[in-house]
Amino acid sequence: MKTPVVSKEYLIPFILVTSLFALWGFANDITNPMVSAFKTLMEISNLEASLVQFAFYGGYFTMAIPAALFIKKYSYKSGIILGLALYAFGALLFYPAASTERFSLFLVSLYVLTFGLAFLETTANPFILAMGDEATATRRLNLAQSFNPIGALLGQLAAINFVLAYLQSADTSIVFSELDPAIKAEMRTHDLMLIRDPYVILGLFVAAMMVIFIFFKMPAKGDTDHTLDIKGSFKRLAGNSRYVFGVVAQVFYVGAQIMCWTYVVQYGENLGMTKAEAQGYNIIATSIFFGSRVISTFLLKYFSGARLLMLFAIGGMVTLAGTIFIGGNIGLYCLVGTSAFLSLMFPTIYGIALDGLGDDAKLGSAGLVMAIVGGAVMPVLQGVFLDIGGPDYDDIQILGVPEVNFSFILPLLCLAIISVYGYKSQHFIKKTDN
């Protein structure tokens with residue numbers, strides 16, 4: 001008898017938990033375009049603006065292990081409820097941040113918000129893996145993760161239609177830094193209120209989701225052992241080479257994705273586009289990402305996750321090489337097309353790394369969520385590249401290409417490491433099977 005990816009007994013809980021993937025996708029992708037907006041409004045460098053991503057993804061790193069210990073001691077459901085509470089609180093902090101116009105408070109808001117996301121990701125990913133047969137676990141997680149880009153698309157649409165399109169500071173006919181101080185202050189107040197509103201609405205929606213989870217009974221599978229053997233779990237995880245390399249690969253995957261999706265705006269601006277026009281290409285990239293994730297979930301029926309991971313990483317390296325060295329509109333299309341190859345990676349690395357870990361998967365999940373810190377570190381490094389020649393993106397050339405093009409050497413190197421993990425994982429899996 002064919003094993004279903006999701007059995008009937010888990011269908012409703014699966015749908016509810018899968019909705020969380022869309023929720024953090026929305027938060028990720030309404031935040032990415034704000035890097036460029038904050039750079040203009042706060043009159044800061046690319047490096048300083050990249051602190052938006054540092055705060056956002058740094059929250060994952062800070063809270064992942066506490067989240068794992070919490071769900072280990074209590075339950076997956078408790079982890080989800082606390083995660084939603086922190087998510088809502090962080091989003092609502094955008095109200096005082098916009099009122100005071102303090103960049104540091106916006107960073108604190110994002111940092112707290114991602115405390116909640118760390119709880120949700122640390123909980124939801126292993127919970128989905130546990131909702132059924134181990135043979136279909138990676139496919140089940142890929143299916144659930146397919147809803148992440150739906151949330152991402154909604155986040156980007158909200159960013160474009162309710163924020164970027166109405167930012168007075170984004171008017172290409174003006175140079176914000178050269179405006180009269182009074183006009184600049186008025187414009188800054190207007191634009192920060194625009195940035196604030198989607199987050200406040202999101203916070204209220206997340207609070208409503210928390211109420212639903214409080215009253216819904218969740219399955220207990222994979223959630224029965226509440227003993228804390230932290231030392232033993234750490235020792236077993238540290239000795240598992242497939243898991244350790246998986247955490248490293250996840251660091252570089254998240255870094256590559258965030259760099260490709262954050263700096264597509266700068267790449268487009270260097271070609272003469274407005275922020276809203278350049279962000280439109282991010283919507284196309286996310287749509288490709290979603291379609292490719294659905295296709296790759298199907299392909300996993302016939303090919304191993306490790307082999308597909310290796311091939312997709314190589315494909316992404318090719319498109320990023322086009323982004324760097326071809327440039328122009330074709331380079332932009334290559335950058336957008338890279339999302340087709342990124343689509344498979346996060347859940348597949350997750351599934352490979354946690355395969356066969358048993359109850360250690362809860363703490364193991366924390367390590368993989370901490371790996372999201374790659375999204376904090378890598379964009380900052382790319383910001384350093386972009387600042388080499390000053391605030392503009394074509395002040396200097398490196399190896400004959402504009403600095404904004406050359407900065408994409410970083411995600412290319414990230415994918416090279418992931419391709420090695422895909423190749424090595426085939427060996428790991430064969431060795432385990434023998």
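These questions and answers walk through a predicted model of one protein.

This is a predicted model: local features need pLDDT of at least 70, side-chain atom pairs count only at pLDDT 80 or more, and totals for chains, interfaces and linings use all residues. Residues are numbered from 1 along each chain as its sequence is written, and side-chain values use heavy atoms, with hydrogens and water left out.

Visitor: How many helices and strands are there in the protein?
Guide: Helices (H or I, at least four residues) and strands (E, at least two) are DSSP runs, numbered from the N terminus. By that rule, the protein has two strands and 21 helices.

Visitor: What radius of gyration does the protein have?
Guide: The radius of gyration is taken over C-alpha atoms, and the globule rule is 2.2 Å times the number of residues to the power 0.38. For 434 residues, a compact globule would come out near 22 Å. The protein agrees with this, at 21 Å.

Visitor: What percentage of the residues in the protein is buried?
Guide: Buried means under 20% relative accessible area, exposed over 50%, and partly exposed in between (1.4 Å probe, protein chains only). Of the 434 residues, the buried part is 59%.

Visitor: How many residues of helix 2 are buried?
Guide: Helix 2 covers residues 34–41. Its buried residues include Met34, Phe38 and Leu41. Helix 2 is largely enclosed by the rest of the structure, because the buried count is eight of the eight residues.

Visitor: Is glutamate 101 buried, partly exposed or exposed?
Guide: Glutamate 101 sits in the loop between helix 6 (94–100) and helix 7. Glutamate 101 is not a glycine, yet has a positive phi of about 60°. Its relative accessibility is 26%, so glutamate 101 counts as partly exposed.

Visitor: How do helix 12 and helix 17 run relative to each other?
Guide: Axes are lines fitted to C-alpha atoms, for helices over the stretch in contact, and angles run from 0 to 180 degrees between N-to-C directions. Angles under 35 degrees count as roughly parallel, over 145 as roughly antiparallel, 65 to 115 as roughly perpendicular and the rest as oblique. Helix 12 (residues 241–262) and helix 17 (residues 345–354) pack at about 165°, with axes 8 Å apart. The two helices are therefore roughly antiparallel.

Visitor: Which residues of helix 1 meet helix 4?
Guide: Helix 1 (residues 11–31) packs against helix 4 (residues 51–73) at an angle of about 160°, with the axes 10 Å apart. Contact means heavy atoms within 4.5 Å. On the helix 4 side, the residues are Val52, Gln53, Phe56, Tyr57 and Tyr60. On the helix 1 side, they are Trp24, Ala27, Asn28 and Thr31.

Visitor: What distance separates the C-alpha atoms of alanine 135 and aspartate 355?
Guide: Alanine 135 belongs to the loop between helix 7 (103–130) and helix 8 (137–145). Alanine 135 counts as exposed, at 66% relative accessibility. Along the chain, alanine 135 and aspartate 355 are 220 residues apart. Their C-alpha atoms are separated by 9.7 Å.
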